[in-house]
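Hi,

Here is the structure I promised to send over. Have a look at it first, and then read my notes below.

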Protein chains: 2
Amino acid sequence: MIDKKENTEEKIIDAARSVFIKKGMDGARMQEIADEAGINKALLHYYFRSKEKLFDAILGKIIKVAFPKISGIMVSDADFKTKLVQAIDAYLDILFKHPYLPAFVLKEVSRDPNVFIKIIVKRGLNPKLVFKIIEDAMDRGEIVKMKPQHLVINIIGLCVFPFAARPIIEFVAFDEDKKATDQFFKERKAVIKEFVLRSIEVK
Amino acid sequence: MIDKKENTEEKIIDAARSVFIKKGMDGARMQEIADEAGINKALLHYYFRSKEKLFDAILGKIIKVAFPKISGIMVSDADFKTKLVQAIDAYLDILFKHPYLPAFVLKEVSRDPNVFIKIIVKRGLNPKLVFKIIEDAMDRGEIVKMKPQHLVINIIGLCVFPFAARPIIEFVAFDEDKKATDQFFKERKAVIKEFVLRSIEVK
DNA sequence: ATGTGATTTAACCATTTAGTTAAAATGATT
DNA sequence: AATCATTTTAACTAAATGGTTAAATCACAT
């Protein structure tokens with residue numbers, strides 16, 4: 001195999017991501033990552049000299065998913081509400097594909113915000129353009145006025161929170177009925193879109 | 001001092017809560033808790049034989065705060081929308097008093113949901129009555145129809161998420177301007193209430 | 001003053017864990 | 001066959017950490 005090198009590295013990254021997301025930086029064990037990757041600890045350190053280096057490598061890839069380029073959608077020149085609906089759809093698609101991301105991101109952010117800040121800076125993520133677009137729509141009277149940050153945080157909260165809190169929701173709100181909870185999550189897309197549209201509609 | 005015993009125990013509990021909330025179960029160190037309580041490790045173990053016992057003791061007290069009896073407000077016979085606004089106010093008051101709770105609860109829930117489930121069961125917390133009250137208001141046409149769980153989770157998400165994500169919000173949305181972020185959080189109460197009321201209003 | 005429980009001190013144990021090392025094995029390439 | 005990076009094995013170090021212990025000290029009530 002030509003790419004055995006990349007193959008092993010990929011196996012490590014997959015395993016590390018899975019273990020880090022489940023256990024967090026503190027709870028994850030290098031041995032467990034090695035086991036999950038089907039290799040031994042020595043080789044793990046042969047590829048990534050330290051746990052921190054490995055974690056940073058994983059974190060970078062995770063943030064790419066967790067802070068997606070919704071901006072792309074928002075910049076297009078469609079109708080504002082249409083763009084908003086598209087952005088919510090796109091964001092929830094990502095969350096359904098990576099349901100454990102919210103808990104992980106919130107966990108690690110509270111442990112050490114600087115790690116995230118550094119990576120976000122490095123990726124040049126900048127929401128100011130999105131805020132501007134929202135303000136313009138408000139100025140044109142298309143939606144109700146508020147600080148654009150509130151609208152963005154409201155939407156992200158509506159999307160993200162249920163995923164981070166799923167174990168509690170499943171137990172408290174659905175009596176541990178996994179199917180009912182699944183159904184609830186399937187409904188979220190429509191519910192959030194309607195909820196948001198109603199709340200920003202100009203009467 | 002008559003209550004030197006309780007005094008030390010209180011000091012330990014305060015210190016433990018503070019350290020556990022900052023670092024989580026995994027990240028917290030018994031030595032750090034002892035230091036923060038102004039005592040030594042031996043005495044700490046003299047009061048709580050193990051880290052787990054101490055953590056469970058703290059967790060019980062924390063859950064009492066984190067899962068408050070909003071039900072009390074919702075059960076009163078005021079107008080439904082009035083009750084909803086009161087509940088949001090009460091919930092946000094708690095969050096402002098304990099801003100680090102959301103991150104902690106979400107962190108530990110994702111680490112081991114069972115711990116929470118056991119404690120919730122023990123406290124007999126039951127949201128079914130609240131769901132029923134919401135459904136009744138919907139049936140009376142006072143608010144728009146949806147699965148009551150969605151409304152509850154929407155509101156909790158709007159309230160809780162910003163606190164859990166505060167470090168990111170401060171950096172990404174407010175360029176590390178702490179004052180602007182504080183102002184943003186002060187506005188949340190009014191914003192959430194208006195946002196929710198608009199979204200459930202029957203047209 | 002004496003006994004009692006609370007508290008300190010300081011050394012200690014056992015375990016876990018990140019990380020290292022060196023030698024051997026594997027396996028593809030030339 | 002010889003070379004080279006990759007991988008394994010297995011033992012190891014060093015540090016951190018939860019928890020223990022025993023002796024000494026302190027404060028207070030009888």
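Let's start with polar contacts inside one chain: between domain 1 of chain A and domain 2 of chain A, the count is one residue pair, with both residues at pLDDT 80 or more. That pLDDT value is there because this is a predicted model, so please keep that in mind throughout. On the side of domain 1 of chain A that touches domain 2 of chain A, the residues split into five nonpolar, one polar and four charged. The rule also finds one salt bridge across this interface of domain 1 and domain 2 of chain A. To see a salt bridge on your screen, pick A:Arg111 and A:Asp26, whose side chains meet at 4.0 Å, N to O.

Where are these two domains? In chain A, the assignment puts domain 1 at 1-49 and domain 2 at 58-200. Their centres, taken over C-alpha atoms, are 29 Å apart. As for touching, 10 residues of domain 1 of chain A are in contact with nine residues of domain 2 of chain A. About 740 Å² is buried between domain 1 and domain 2 of chain A, and carbon and sulfur atoms give 73% of that area. Three residues stand out here: A:Ile13, A:Ile21 and A:Met25 supply 54% of what domain 1 of chain A buries against domain 2, more than any other three residues.

Now for the two chains together. How many residues of chain B are in contact with chain A? There are 55 of them, and they meet 55 residues of chain A. The area buried between chain B and chain A is about 4,800 Å², with 72% coming from carbon and sulfur atoms. On the chain B side, B:Phe161, B:Phe195 and B:Arg198 supply 15% of the area buried against chain A, more than any other three residues.

Between chain B and chain A the rule finds six salt bridges, as well as 16 residue pairs in polar contact (both at pLDDT 80 or more).

Last, the core. The largest nonpolar core has 76 residues, and those with the most contacts inside it include A:Leu151, A:Phe195 and B:Phe195. Among the residues that A:Phe195 touches are A:Leu158, B:Met146, B:Leu151 and B:Phe195.

Definitions and conventions:
Residues numbered from 1 in each chain as written. Chains lettered and ligands numbered in written order. Predicted model: local features only at pLDDT ≥ 70, side-chain atom pairs only at ≥ 80, totals over all residues. Heavy atoms only, no water. Domains from an automatic or database assignment. Contact = heavy atoms within 4.5 Å. Buried area = accessible area lost by both parts, 1.4 Å probe. Polar contact = N/O pair within 3.5 Å; in protein donor to acceptor, adjacent residues only side chain to side chain. Nonpolar A, V, L, I, M, F, W, Y, C, P; charged D, E, K, R; others polar. Core = buried A, V, L, I, M, F, W, Y, C linked by side-chain atoms within 4.5 Å. Buried < 20%, exposed > 50% of the residue type's maximum accessible area, 1.4 Å probe, protein only. Lists of a residue's contacts leave out its neighbours within four places in sequence.
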